[in-house]
Amino acid sequence: MTQPLQPLLHDSVVVLTAPSQAWSAADGTVDGGGIHGFFHSDLRVLDRILLTVGGDLPEHIATAGPDAASAVFTSLARRIDDATADPRVRLDRTRTVVAGSLRERIVLRNALRTPLTTAVEVAVRGDFTPMQTVKAGLTGAEHAVSAESVEEGVVFRSGPVTARLIAPGARVSVDGQNAVLAWDVEVPAHGHTTLDWTIDVDDPTAVVAGAAPSAEWAAFRATTGDSRLACWLDRALADLQSLRMSTTARPDDTFLAAGAPWFFTLFGRDSLWAARLLLPLGTDIAATTLRVLAHFQGTETVGETAEQPGKIMHELRPAALTIPGEGVVLPPLYYGTVDATALWIGLLHDAWKWGLPDDQVRELLPAMQAALAWMRDHGDSDGDGFLEYVDTTGHGLANQGWKDSGDSIQWKDGTLADGPIALCEVQGYAYEAAVGGAELLDAFGLEGADEWRDWAAQLKSRFAEAFWIDDPAGAYPAVALDAAKRKVDTVTSNIGHLLGTGILTPEQSTVIARRLASPELSSGYGLRTMSTDSGGYWPLSYHGGSVWAHDTAIAIVGLSRDGHTAEADLLADGLLAAADGFGYRMPELHSGDSAEQTSAPIPYPAACRPQAWSAAAAVAVLSSRLGLRADAQTGSLDVRPTPGAGSIRVSGLRFAGAPRDLEV
């Protein structure tokens with residue numbers, strides 16, 4: 001039996017508006033293989049959409065689209081054309097995905113002097129395979145699939161989910177899970193004929209829903225001396241609009257879905273980082289992300305879900321998530337993340353600095369106090385003064401930082417570290433959260449600020465003693481402490497997340513900046529997750545040598561905050577080169593191959609795209625180049641452009657609730 005394989009994504013076309021998405025070949029064909037299909041929530045509703053004209057497949061010549069929600073597939077129908085060299089029968093097929101619906105408009109154009117009579121058919125198939133099964137390279141619905149003819153259409157059903165397809169003017173035939181939409185058309189000379197069909201999904205089990213686009217994001221404009229940055233910002237914001245989502249429990253609280261196709265839902269860490277990187281565009285997405293995560297904040301200790309009082313959740317699904325072949329089974333609401341709680345506090349503090357209104361901040365302070373208490377009372381499970389994690393269920397995530405693959409925390413020789421694991425960057429997040437939380441407690445007249453400043457100071461001292469490793473190339477922090485409190489010695493990008501948190505001395509920050517700019521970590525297309533001199537390094541390893549745009553962006557922001565502008569510009573240039581190579585839709589991750597050896601970045605073929613924090617990285621690069629510093633309490637928005645910034649003109653930045661225009 002052939003081993004099932006996770007579908008590759010790099011050469012497929014995606015059209016999306018959360019929580020729906022359609023994946024196809026470049027010509028728009030959905031052929032039932034791999035990732036191809038129309039998905040809603042966590043179900044593949046259709047796994048086949050095949051178009052023929054006159055019984056033949058049209059010949060594809062171009063794919064384009066005005067935004068993330070639409071694509072236009074242009075092809076030729078030469079079998080019904082004349083014999084001259086110029087193609088005169090053309091097909092423009094516009095596919096649009098909105099929340100819960102897929103719509104297609106087929107326009108057959110005839111430039112001949114005589115009319116054409118032909119048949120247009122679209123064959124579709126109901127599937128209803130869960131996303132986790134598709135990801136495992138398998139197929140199969142959890143409930144029986146049926147299809148029933150209705151007037152001008154067909155209704156597909158599987159369990160509680162219903163999908164109604166309407167094709168005006170078409171003859172509809174049904175055979176099992178398959179349906180064919182057929183139109184007999186006459187296209188006038190020098191004219192065209194338009195055909196439409198739509199499928200709408202009703203899934204009462206869905207836990208997520210769509211959210212309206214942001215008018216503020218739509219109004220944002222940037223003109224830069226480096227056209228790559230302007231192009232990346234345009235593409236990124238279009239993608240982010242299509243990733244806006246809400247939960248059915250909190251329909252007014254918008255957040256960003258982590259990424260398509262696999263992570264089209266609420267993820268604590270991902271949604272928090274994306275909102276944080278986007279603060280220069282306004283605090284609205286930060287406020288609603290904070291609120292929805294506060295709604296799900298832990299209140300009790302539950303081993304099976306990893307819930308603890310004050311803890312921020314990891315991911316939300318409509319049902320248990322089973323990863324075939326990996327022994328992982330996650331409950332629908334899962335709390336297995338060590339960093340989201342501190343990151344929640346960090347976002348609240350930064351959003352306040354960018355002008356989140358006091359009444360909205362005050363509403364969230366009880367959740368902040370509970371989150372601070374979690375760091376002290378539960379995050380440090382063994383009392384050593386550091387935040388650490390371990391899966392106690394045997395079927396949860398083995399690693400619970402942002403590098404959450406099973407082999408992400410390893411020694412320099414490539415062997416895996418044993419947990420509980422205390423990650424270096426999590427200590428930086430916790431320090432920043434404690435200091436920021438103390439500032440908020442003081443500002444709003446609450447008790448406990450001095451306690452948290454003392455807690456942060458002790459953490460900073462312990463970190464300096466426990467994590468640093470001497471090395472001839474310069475000291476560096478261990479990626480983690482293992483179960484025996486040994487320093488896991490691999491050089492990784494995690495150290496870049498420490499910058500700007502305050503946990504480092506200026507001298508330590510300088511040493512890390514130099515290390516990040518080294519050819520072992522800086523690929524020329526961004527920051528490698530693992531240094532090339534590590535035993536486990538491989539450029540196509542998910543967390544062991546690949547490049548993640550958000551990871552690099554976090555390092556860029558930290559470098560900028562700590563005054564290391566040359567290193568920030570170096571890494572930003574790498575991301576801009578990668579963005580150009582990917583048509584400005586930055587994937588979740590890409591290969592760590594060096595720019596000196598490849599003229600374009602090499603895809604990681606299973607990477608999600610678009611990905612919220614990869615798109616938000618474009619705003620982080622802009623912020624770094626402008627040197628933005630915000631303090632709404634003093635009314636100051638400082639701009640300190642880096643030497644590599646060049647000319648930048650921006651309209652639609654938002655500070656303290658008002659738009660700001662900048663020119664440097």
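On a 1 Å grid over the protein atoms alone, a cavity is a set of points where a 1.4 Å probe fits but cannot get out, and a pocket is an open set with protein on both sides within 12 Å along at least five of seven lines; lining residues have an atom within 4 Å of a point. Grid points are joined across faces, edges and corners, and a volume is the space filled by probe spheres set on the points.

This is a predicted model, where local features need pLDDT of at least 70, side-chain atom pairs count only at pLDDT 80 or more, and totals for chains, interfaces and linings use all residues. Residues are numbered from 1 along each chain as its sequence is written, and side-chain values use heavy atoms, with hydrogens and water left out.

Cavities to begin with. There are two of 30 Å³ or more. The largest cavity holds about 90 Å³. Among its lining residues are Asp27, His60, Phe73 and Arg93. Strands β7 (70-76) and β8 (89-98) each supply at least two residues of that lining; strands here are DSSP E runs of at least two residues and helices are H or I runs of at least four, numbered from the N terminus.

Now the pockets. The largest has a volume of about 1200 Å³. It is lined by 48 residues, with Gln6, Lys135, Phe263, Ile323 and Glu326 nearest its centre. The second largest pocket comes to about 820 Å³. Of its 31 lining residues, Asp350, Glu432, Gly500, Val557 and Arg561 are the closest to its centre. Elements giving two or more residues to this lining include α4, α8 (424-443) and α11.

Helix α11 covers residues 549-561 and reaches 18 Å from its first C-alpha to its last, close to the 18 Å expected at 1.5 Å a residue, where the expected span is 1.5 Å times one less than the number of residues. How many of the 13 residues of α11 are buried? Eleven are, so the helix is largely enclosed by the rest of the structure; buried means under 20% relative accessible area, exposed over 50%, and partly exposed in between, with a 1.4 Å probe and protein chains only. His550, Asp551 and Ser560 are among the buried ones. The cover over them includes α10 (506-516), α12 (565-581) and β30 (628-631). Just after α11, Gly563 takes a positive phi of about 90°.

Key:
Contact means heavy atoms within 4.5 Å.
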